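Dear colleague,

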Amino acid sequence: LVRYMKDNVTGLIGLSLNNNRRTPNSFLSILKKNNITDNYFWFFEFNSPKDENGKLIIGATLDEIYGDKYDRDDLNYAKGNTGYIYNTINFDKIFIKNNSERIDLPKDKAELSFDINSIVASYDYKLYFQKSINDLKIKQKCFNDTFEGCRDFLSSRDIFIFYYCKNEPNVKDELKQIILPIQFYSNELNYTFEITYDDILKEDDEYIFIKILFQQWGRSWTFGKPFSLKYKFMFNPDIRQVGFYPKYKTKKGLD
């Protein structure tokens, strides 16, 4: 919601029910109370993971709106956190595969966010990444810097670390070698998700920006648009669950 057009300052649409005191006045509750919607489901439908032109759809499931693409039988649910941050997934296995070698990271949870254009990584991955990129830093091909940001809607401000590198062919090739796919497996969703270098490298004239942020101190993952738009999720704050469709309908299912 735009508050100040001149300064491009945005407001918020609350897509949470929060607690009993605030639930009756929440945006989703008002829609349902006035019979505009029948339930609290919501999801984003973008033209593609890298195209931010799309729709916010409230009051229906994906298979109800796009029955030609999604099947209710494919829908799985993961139990989110209690409270207003219900859009989280608990991952039972997190690992990096390097040919035959597998590097396991501690199991963790991740908050799905549509507000940021990057991935906020855990402390354990931060240690792994710093070691991987160290040679490029020594050669002064890659650099890191910091900025001050807010961890979430109610948190105090924090310092974030980010990395960027010279946009040179040999540097880009080396980045593709050291930024290995990170895989996240969820028992509840029975699916292995993946973040690759294609998701997080952004070329901008003389630099390549790595869209992974690290906080000074440890925390869980936050999956911004490089992940949250890549996969098809659906949310319901009433039941505090994250719905996931692992695939489009097959041609056989469309016949």
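How many helices and strands does the secondary structure of the protein come to? There are 7 helices and 19 strands, taken as DSSP runs (H or I, at least four residues, for helices; E, at least two, for strands) and numbered from the N terminus. This is a predicted model, in which local features need pLDDT of at least 70 and side-chain atom pairs count only at pLDDT 80 or more, while totals for chains, interfaces and linings use all residues. Residues are numbered from 1 along each chain as its sequence is written, and side-chain values use heavy atoms, with hydrogens and water left out.

A search of the whole structure finds 1 disulfide (a pair of cysteine sulfur atoms within 2.5 Å). Cysteine 142 is joined to cysteine 165, with an S to S distance of 2.0 Å. Cysteine 142 belongs to strand E11 and cysteine 165 to strand E12, so the pair ties together parts 23 residues apart in sequence. The torsion about the S-S bond is about 105°, so the disulfide is right-handed. Both cysteines are buried (under 20% relative accessible area; exposed is over 50%, partly exposed in between; 1.4 Å probe, protein chains only).

The structure also holds 8 salt bridges (a side-chain nitrogen of Lys or Arg within 4 Å of a carboxyl oxygen of Asp or Glu). Glu45, Lys69 and Lys232 are linked in a network of them. The closest N and O atoms are 3.9 Å apart for lysine 69 and glutamate 45, and 3.0 Å apart for lysine 232 and glutamate 45. The latter pair links strand E18 to strand E3, 187 residues apart. Glutamate 45 is buried at 8%, whereas lysine 69 is partly exposed at 30%.

Yours sincerely
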